[in-house]
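User: I would like to learn how to read a few features in a protein model. Could we take them one at a time, with the general idea before the case?

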Amino acid sequence: MTLTDSTPGTLQDGAVVPPGLPAQGHAVRRAPVDTRTAVPVLDVTIPVYNEERDLEECLRRLRGHLHDSFPHSFRITVADNASTDGTLKIAERLAREFPELTVVHLEEKGRGNALRKVWLASPSPVLAYMDVDLSTDLAALAPLLAPLMSGHSDLAIGTRLTRSSRVVRGPRREFISRGYNLMLHSLMGARFSDAQCGFKAIRADVAQRILPYTVDNSWFFDTELLVLAERCGLRVHEVPVDWIDDPDSSVDVVRTALADVRGMARLTRDLVYGRIPVPELRAALARGPLPASSRAGEQTPGSSLFGQLVRFAAIGAASTLAYLLIFVVGRGFLDPQPANFLALIITAVANTGANRRFTFGIQGGNPLRHHFEGLIVFAIGLLLTSGALAVVHSTTAPDRLAEVLTVVAANLAATAIRFLLFRLWVFRAPNSNKTCSDATTSTETASS
């Protein structure tokens, strides 16, 4: 099926355009899901690999919860990813007991591979998945599905990283999770708060359009799907969840995090070189502008000079503290210049991303261009601090305190220059129409 197909049941038929607004391929809202369909309204996929210990309890709990609380027809699909233990036999036995349960056996491992194949083949209009350990409280399932059923949203995700979420897990996993999502926000311009929570749902009409452009077969699939959805102008609804870490989880967190970083690099290349036809997908899928033609408060969220200075100063203070910490630690095993470079490059990337989002109020757009220009600004700061260190070392033999005071003074001068370049060059708004266009076409992320 191509993007121009108008096969019954695809997104084009489900789009509703209010009177008086131009269609132009952009749907302002989606039609509610037809719950009178002969196929199950909801298909919940459980990807499993060697889960014989937890599978039966999971399926009985999930089936009981859906039977008691979901008012429409449903199906649970166990996607067995080449298990070598008794997982498949347990799933098949339970499928004979429960008519709502089906089993799909795959020869290849990988959560992304399983979800892509099961979702593309499913006839249900609403698709969801959750991890087999049911770490997420099932009470969040209803608010996860409701905005998709009504047509309000296109995807829905559980998030463990909002203030109203209640999470029990170790500090290492918490640090890695928050660090990874910070990288997504800074480097890829993402706005969803939690990429990897195993509790997500999507409308099938949307899934049919964007899933063929996902390629990751493992854990990065979630991130790839969400980044692509935002780039295509879809609405992602977030639901705070109660989540308890499974201490017996077989997931290698560090290895998964490294694979996710490699996935970010690959996805960035795909977007830059046009492997994914984002303009065409956006033309077919994106929600159009709201009826209000003038939303000045949203069009220029970071236009006040005073407000920009306050936010820039707060971010600059945090960046300076991080810079000093990294510089002092780096001096334990590096010479002054390499330690200065390491501290600057790490804080420069985070500083650019934070100022882009919070100081100048930019969402969507092209974060890669901003980071490239931010690195040019970083080079100016590097010249100032490196030059100051070179001058000090050429005239005297400074102690560690003198080095720190020197780089602090040079960094303050670089900070003033950075603000001017950010405001007048990197994050400038070419004209008000462009700002309006960016504001009205950016993906809307609804956070509960």
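User: How many salt bridges does the count come to?

Analyst: The general idea is a distance rule, a side-chain nitrogen of Lys or Arg lying within 4 Å of a carboxyl oxygen of Asp or Glu. In this structure, which is a predicted model, the count by that rule comes to 21 salt bridges. One of them is formed by Arg30 and Asp154, whose closest N and O atoms are 2.7 Å apart.

User: Which parts of the chain does the pair of Arg30 and Asp154 link?

Analyst: The pair links distant parts of the chain, 124 residues apart: Arg30 belongs to strand E2 (residues 29-30), while Asp154 sits in the loop between helix H5 (141-150) and strand E7 (155-159).

User: Are Arg30 and Asp154 buried or exposed?

Analyst: Here the cut-off matters, since buried means under 20% relative accessible area. Arg30 has 1% relative accessibility and therefore counts as buried, and Asp154, at 0%, counts as buried too.

User: What separates Glu56 and Arg60 along helix H2?

Analyst: Because these residues are four apart in helix H2 (residues 55-69), about one helical turn lies between Glu56 and Arg60. They form a salt bridge in which the closest N and O atoms are 3.1 Å apart. Glu56 is partly exposed, with a relative accessible area of 25%, and Arg60 is likewise partly exposed, at 35%.

User: Which residues make the nonpolar surface patch?

Analyst: Leu325, Val329, Phe333, Leu342 and Ile346 make this patch, which covers about 490 Å². Helix H12 (305-330) and helix H13 (336-359) are the elements that give two or more residues to the patch. Ile346, found in helix H13, counts as partly exposed because its relative accessibility is 44%.

User: How do the axes of H13 and helix H14 cross?

Analyst: The axes of H13 and helix H14 (residues 367-395) come within 9 Å and cross at roughly 145 degrees, and the crossing is right-handed. By class, the contact of H13 with H14 has 12 nonpolar, 11 polar and one charged residues.

Key:
Residues numbered from 1 in each chain as written. Predicted model: local features only at pLDDT ≥ 70, side-chain atom pairs only at ≥ 80, totals over all residues. Heavy atoms only, no water. Patch = residues over 30% accessible without salt bridge, like charges linked within 9 Å, V, L, I, M, F, W, Y side chains within 5 Å. Areas by Shrake-Rupley, 256 points an atom, 1.4 Å probe, with all protein chains shown as cover. Buried < 20%, exposed > 50% of the residue type's maximum accessible area, 1.4 Å probe, protein only. Axes fitted to C-alpha atoms, helices over the stretch in contact; angles between N-to-C directions. Left-handed = near helix turned anticlockwise from the far one by under 90°. Nonpolar A, V, L, I, M, F, W, Y, C, P; charged D, E, K, R; others polar.
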